[in-house]
Amino acid sequence: MSHEDEHELRRGLRELADTEGQATGAPPTAAVVAAGRRSRHRRRALTAAAATVVVAAGSVLGVRWTGTAHDRAPTASGTASGVAAPGDTAATSTAAPDGVTSQPRGDGVAPLPPVSGPYPPQPRSKEGEPLDSGPREPVENVRYRYDVSAVCGFRYVAFGGRVWEAEGADHAYSWVTDRAHGFIRLTTDPGTRAPVAVFEPDSPDPDRGTRVYRLRATTPACLADEPRRAYSDAPAATIGPAEPVEGARYAYDWSTVCDKRYLVFGGRLWKAEGAAAPGALECLVDGLPQVAHVRLAAGRVLVTREDVPLSGRFRTYGYRPVDRLDAADRTGCPALPALQRLARRQAADQPAAKPTG
């Protein structure tokens, strides 16, 4: 008797013992084995059917986008293994906060590290460089650096492995630039509960250029003409300009360190008004910066954040400048030195280095 037959015999005997009623005699061994095999075949058939349903469900959510080259997982050092294929660049791992390191998983991808300081703001791409594309697998409601290509009239984007489409095309600026700099995030439409990709331009008052992209079932031919793209799982962590314009609204990634009691804006440190920190009652699990907007008004910084993405319902939090820090501030917020360094770098207009692959 083979090992597999022995296994099925034992399974069949256990199932027979669980059967209700009076036993009338020992069944033949072959019958028990056959019964076990039939049970195994039924289990395999159900598993195959379930896999078919999962694949079919995935196919209706939109065409999968692989770009002009095969995907490559980033290594722990931030460079891709193998040689970069034409039309694509190596993926990069998340840029860790000050003093934080991470170990690669079994697939060679460095996981998001625990946060001991703010994530460094990612600079926009320059002319001639690959287009910023965000990660292959974005985290929902996290901003990433993204360049919308002009080849399709800014109508289509390939993000998170899928193709998305906005209403209408705009070819007016395609002869001026090959890209629109900005930020993109994956979120859910509160009305339809369908996934959407939201793009915001990297400019004052981004609402005027915000576009909502929805899943598209087919890939437009024009995307094949896009310039090379670079992928990174680092959040954009944008903190606005070094010299903000009074009253202008800017995209802002709200750092969750120290329960959001402090923030950096306009090259200086600010402290939340009131006794309780804005994030004191929140469950800040992953440490990633939160999507928000910020503006300077009468010597204060006002941060607004939607209760539910795309709902239009906002909460506003006020901050005042910090001139001196006392011992209580430093004790209550271990990340303050990192925030101060970030403020000094912004004041000196020294952006973080762009990840290289």
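Me: What's the volume of the largest pocket?
Reply: In this predicted model, the largest pocket has a volume of about 660 Å³.

Me: Which residues are closest to its centre?
Reply: The lining of the largest pocket has 34 residues, and those closest to the centre are Asn141, Val291, Arg305, Glu306 and Pro309.

Me: Which strands supply at least two residues of that lining?
Reply: There are E6 (195-201), E9 (249-254), E12 (290-297), E13 (300-306) and E14 (314-321). E12 gives the most to the lining of the largest pocket, with four residues.

Me: And how do the lining residues divide into nonpolar, polar and charged?
Reply: For the largest pocket, 16 are nonpolar, seven polar and 11 charged.

Me: E13 and E14 are both on that list. In what sense do they pair, and over how many bridges?
Reply: The pairing of E13 and E14 is antiparallel, over six bridges.

Me: Switching to cavities. How many of 30 Å³ or more?
Reply: The count is three cavities of 30 Å³ or more. The largest cavity holds about 120 Å³ of space.

Me: Which elements give two or more residues to the lining of the largest cavity?
Reply: Those are E9, E10 and helix H4 (336-347).

Me: Which residues lie nearest the centre of the largest cavity?
Reply: Pro118, Tyr119, Ile239, Asp253 and Ser255 lie nearest the centre, out of 17 residues in the lining of the largest cavity. That lining divides into 12 nonpolar residues, four polar and one charged.

Me: Where is serine 255 found?
Reply: Serine 255 sits in the loop between E9 and strand E10 (262-265).

Me: Buried or exposed, that serine 255?
Reply: Serine 255 counts as buried because its relative accessibility is 16%, and the cut-off for buried is under 20%.

Me: What does serine 255 touch, leaving out residues up to four places away in sequence?
Reply: On that count, serine 255 touches Pro118 and Lys260.

Me: What lies 3.4 Å from a polar atom of the side chain of serine 255?
Reply: The backbone nitrogen of valine 257 is at that distance from a polar side-chain atom of serine 255.

Me: Another topic, strand E3. Which of its residues are buried, and on which side?
Reply: E3 covers residues 156-159, with Tyr156 and Ala158 buried on one side and Val157 and Phe159 buried on the other. Both faces of E3 are therefore covered.

Me: How many bridges join E3 to E4?
Reply: Four bridges join E3 to E4 (residues 162-165), and the two run antiparallel. Alanine 158 has valine 163 as its bridge partner in E4.

Me: What do E3 and E4 form, and how many residues are between them?
Reply: They form a hairpin with two residues between the strands. Glycine 160, in the turn, has a positive phi of about 60°.

Me: Last, the whole chain. How many helices and strands?
Reply: The protein chain has four helices and 14 strands. Of its 357 residues, 41% are buried.

Me: And what share of the contacts with a separation of 6 or more is between residues 24 or more positions apart?
Reply: Such residues account for 63% of those contacts in the protein chain.

Notes: Residues are numbered from 1 along each chain as its sequence is written. This is a predicted model: local features need pLDDT of at least 70, side-chain atom pairs count only at pLDDT 80 or more; totals for chains, interfaces and linings use all residues. Side-chain values use heavy atoms; hydrogens and water are left out. On a 1 Å grid over the protein atoms alone, a cavity is a set of points where a 1.4 Å probe fits but cannot get out, and a pocket is an open set with protein on both sides within 12 Å along at least five of seven lines; lining residues have an atom within 4 Å of a point. Grid points are joined across faces, edges and corners, and a volume is the space filled by probe spheres set on the points. Ala, Val, Leu, Ile, Met, Phe, Trp, Tyr, Cys and Pro count as nonpolar, Asp, Glu, Lys and Arg as charged, and the others, Gly among them, as polar. Buried means under 20% relative accessible area, exposed over 50%, partly exposed in between (1.4 Å probe, protein chains only). Two strands pair if DSSP finds at least two bridges between them. A polar contact is a pair of N or O atoms within 3.5 Å; within protein, one must be able to donate a hydrogen and the other to accept it, and residues adjacent in sequence count only if both atoms are side-chain atoms. Contact means heavy atoms within 4.5 Å.
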